[in-house]
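Subject: Structure handover, ligand site and pockets

Hello,

My notes on the ligand and the pockets follow below it.

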Amino acid sequence: MRALTWHGKHDVRVDTVDDPEILNPRDAIIKITSTAICGSDLHLYDGYIPTMKAGDILGHEFMGEVVEIGSKSTLRKGQRVVVPFTIACGSCYHCGKHQYSACDNGLPADNQDIAQELYGQPMSGLFGYSHMTGGYAGGQAEYVRVPFSDVGPIVIPDGIEDDKVLFLSDILPTGWQAAEFAQIEPGDTIAVWGCGPVGLFAVQSAFLMGAERVIAIDHFPHRLELAKKFGAETINFEESAVYEALMEMTGGIGPDACIDSVGLEAHGFFVDNVLDQIKKSTFLGTDRIHANRQAILACRKGGRISMPAVYGGFVDKWPLGAFMEKGLTLKTGQTHVQHYLPGLLNAIVEGKIDTTFLISHRLPLEQAPQGYKMFHDNQNEVTKVVLKPGLAVAAE
Ligand SMILES: NC(=O)c1ccc[n+]([C@@H]2O[C@H](COP(=O)([O-])OP(=O)(O)OC[C@H]3O[C@@H](n4cnc5c(N)ncnc54)[C@H](O)[C@@H]3O)[C@@H](O)[C@H]2O)c1
Ligand SMILES: [Zn+2]
Ligand SMILES: [Zn+2]
């Protein structure tokens with residue numbers, strides 16, 4: 001089959017690779033109809049995530065048709081399914097608490113050590129996201145093997161097109177969980193750093209959960225415009241000082257909750273960000289955490305920080321003192337996708353959540369490398385690239 005494979009920093013290729021096979025009774029093989037490139041994939045593209053190997057198949061946002069099932073899969077051939085990016089067993093202690101991304105059994109036994117050493121405990125597996133998260137082949141391919149297919153995938157009713165439901169695989173539940181973790185109360189003002197897909201879904205979700213005001217922060221005018229369409233007020237951090245603007249907009253109090261949907265590659269020419277960059281390039285640090293620092297300093301006393309954004313390693317000058325003295329709370333984590341799927345599918349079917357606004361480009365799988373480059377180089381206009389293995393390559 002054809003698949004998008006990683007070969008190093010800014011080097012991804014569509015190669016011919018072996019077809020996936022059923023390895024365990026609970027597996028299913030899915031023929032991919034739509035798969036998206038995620039902001040998290042850019043961390044791989046930029047070479048920031050350790051334990052990648054040349055030839056790894058990327059992709060953790062995908063859906064398609066069930067074409068093969070193991071003896072213990074509950075799926076049936078021909079069903080259309082969206083697959084959560086988190087691989088979870090459904091029956092361990094953490095899955096029992098619906099904390100699927102903390103699953104004890106998502107990683108193959110021979111891959112548990114890396115995460116155990118770095119993070120203290122292994123977490124759930126992830127599709128197409130390094131060997132630390134299981135080394136599973138991803139779904140930016142014609143076919144993919146889905147472990148625990150009786151737990152993860154959600155069956156999509158007939159008549160709902162792919163583009164409406166594809167983002168159930170990751171970014172919609174991630175934006176939703178981000179808003180839920182912000183513990184929104186009616187009347188709250190919520191600030192959201194980053195108007196990528198996750199931030200934009202967090203904006204939509206925050207309003208649905210009762211926020212009175214949402215203030216969205218980014219520097220890409222097009223992304224800020226999208227946030228405005230959902231009712232957010234906006235701050236362009238290249239035009240205004242964010243902390244000062246937030247204080248002015250909230251009568252000197254600060255937002256009730258701050259959502260960091262930026263992550264370890266914060267942009268911006270700020271002193272702390274430049275220092276992070278130097279540390280990173282000299283291997284003295286791992287993450288550029290400017291947005292997170294700013295969120296903690298701007299948040300109102302007693303407020304909440306929600307952090308869907310991905311961070312990878314050890315950080316420097318994280319304002320722990322401010323965090324403690326102001327009495328903040330922080331909730332974070334990879335999304336417990338399985339937990340949110342039924343409710344969010346309903347919200348889509350009922351028209352309460354719009355997802356298709358986000359898709360700026362649809363490309364055949366063969367053009368995935370161009371898709372990565374576009375998404376990486378032009379984040380203003382390229383909000384989401386969806387790859388369709390079935391789409392014909394346009395003639396040059
Ligand atoms: N927790 C999870 O399960 C989960 C799932 C999906 C994605 N993520 C993470 O969420 C984050 C966002 O994902 P995305 O797909 O929206 O990514 P994205 O790269 O498309 O968007 C990030 C946005 O942040 C903006 N930004 C950069 N620096 C900023 C700053 N200093 N202040 C304000 N905005 C700034 C960028 O301009 C960009 O628009 C990433 O870190 C991604 O890895 C986490
Ligand atoms: Zn993703
Ligand atoms: Zn589990």
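This is a predicted model. Ligand 1 is surrounded by 31 residues, and S40, D218, R223, H267 and P308 are the closest.

Polar contacts of ligand 1:
- D218 places a polar side-chain atom 2.6 Å from an oxygen atom of the ligand.
- T335 has a backbone N or O atom 2.9 Å from an oxygen atom of the ligand.
- V310 has a polar backbone atom 3.2 Å from an oxygen atom of the ligand.

On its own, ligand 1 has 860 Å² of accessible area, and the protein covers 97% of that. The elements that contribute two or more residues to its shell are α1 (39-45), α6 (197-208) and β12 (213-218). The largest share, three residues, is from α1. By class, the shell holds 13 nonpolar, 15 polar and three charged residues.

Ligand 1 takes up the space of the second largest pocket. That pocket contains about 840 Å³ of space. Its lining comprises 46 residues, with G39, H43, S261, V262 and G263 closest to the centre. α1 again gives the largest share here, with four residues. The lining divides into 21 nonpolar, 19 polar and six charged residues.

The largest pocket has a volume of about 1200 Å³. It is lined by 39 residues, and Y119, M123, Y311, G312 and Q334 lie nearest its centre. Both α3 (112-119) and α9 (271-281) supply at least two residues of this lining. Its classes are 21 nonpolar, 15 polar and three charged.

Regards

Key:
Residues are numbered from 1 along each chain as its sequence is written. Chains are lettered from A and ligands numbered from 1 in the order in which they are written. This is a predicted model: local features need pLDDT of at least 70, side-chain atom pairs count only at pLDDT 80 or more; totals for chains, interfaces and linings use all residues. Side-chain values use heavy atoms; hydrogens and water are left out. A residue is near a molecule or strand if one of its heavy atoms lies within 4 Å of it. A polar contact is a pair of N or O atoms within 3.5 Å; within protein, one must be able to donate a hydrogen and the other to accept it, and residues adjacent in sequence count only if both atoms are side-chain atoms. Accessible areas come from the Shrake-Rupley method with a 1.4 Å probe; for residues, only the protein chains shown count as cover. On a 1 Å grid over the protein atoms alone, a cavity is a set of points where a 1.4 Å probe fits but cannot get out, and a pocket is an open set with protein on both sides within 12 Å along at least five of seven lines; lining residues have an atom within 4 Å of a point. A molecule sits in a cavity or pocket if more than half of its atoms lie within 2 Å of its grid points. Ala, Val, Leu, Ile, Met, Phe, Trp, Tyr, Cys and Pro count as nonpolar, Asp, Glu, Lys and Arg as charged, and the others, Gly among them, as polar. Grid points are joined across faces, edges and corners, and a volume is the space filled by probe spheres set on the points.
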